[in-house]
Amino acid sequence: MLTKLHRTTLTEQAVQSLIDYIATADLKPGEALPAEAKLAIELGVSRQVVREAIKSLEGQGILSMINGKGAIVKPIDAGPLQTFFRHAVQLDTNAILELIEVRQGIEVQSAILAAQRRTPEELAQLTEIVAQMGRALKELDAYIELDASLHLHIAQTTHNAMLYHLVQSLHNSARDSIRAGLQHRRTEQELERVQQLHEVILQEIARGDAQGAARAMTLHFDDAVTAMVGKSATGQA
């Protein structure tokens, strides 16, 4: 069945034109677009249309309005995705498990690249976080913060900005999934296993073994799924 055609508004066209301009002019974060009056002339529209287009791009996190400077290109950040994931987890009781599955795909790749690219200084930082986790194992809130921080720092050691921002966008929601997972580990032995799995991930990254790091991170998330659903996860060793 054919669908009805929808007329594109001037504002929508202006939004796309501004996005194209930012790309072709290679504007960097912090750099400003031309003044509204000039944009209106170049686009052949009213200044009101330009303002609406800029407001739309503000909402998308691409531009910000700065007094005295006008429309400025914003740095890339994880804000919009953070809002989406946190909202999704709060609205859907099944979303925690889905979030763990999403994180697994991203963070296995993160572990692979971390093993290949981490610097000695970054490894020392990861080692310190894991040591702090070991000391905070019986302090739930502290352990959750350290656990989430470890995964974020692993992503940082990949030196892949897009991957880092993806993991960062999941950071707040990850705390919720970590808390849920830990609350399903009711014995001291189960909690110790969580720490041991993190230590294995660190060891493989330290060795520079990309595939070993991938296996360790996969096992870590498989174990989390097992704790959540109360049965063996597919592929768990």
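Modeller: Axes here are lines fitted to C-alpha atoms, for helices over the stretch in contact, and angles run from 0 to 180 degrees between N-to-C directions. Helices are DSSP runs (H or I, at least four residues), numbered from the N terminus. This is a predicted model, in which local features need pLDDT of at least 70, side-chain atom pairs count only at pLDDT 80 or more, and totals for chains, interfaces and linings use all residues. Residues are numbered from 1 along each chain as its sequence is written, and side-chain values use heavy atoms, without hydrogens and water.

H5 and H8 pack with their axes 11 Å apart, at an angle of about 135°. The two helices are therefore oblique to each other (angles under 35 degrees count as roughly parallel, over 145 as roughly antiparallel, 65 to 115 as roughly perpendicular and the rest as oblique). Their contact (heavy atoms within 4.5 Å) is made by Ile106, Glu107, Gln109, Ser110 and Leu113 of H5, and by Leu163, Leu166 and Val167 of H8.

Helix H7 covers residues 140–156. Twelve of its 17 residues are buried, so H7 is largely enclosed by the rest of the structure; buried means under 20% relative accessible area, exposed over 50% and partly exposed in between (1.4 Å probe, protein chains only). Among the buried residues of H7 are Tyr143, Asp147, His151 and His153. In H9, the buried residues include His171, Ser173, Ile178 and Leu182.

Key
The expected span of a helix is 1.5 Å times one less than its number of residues.
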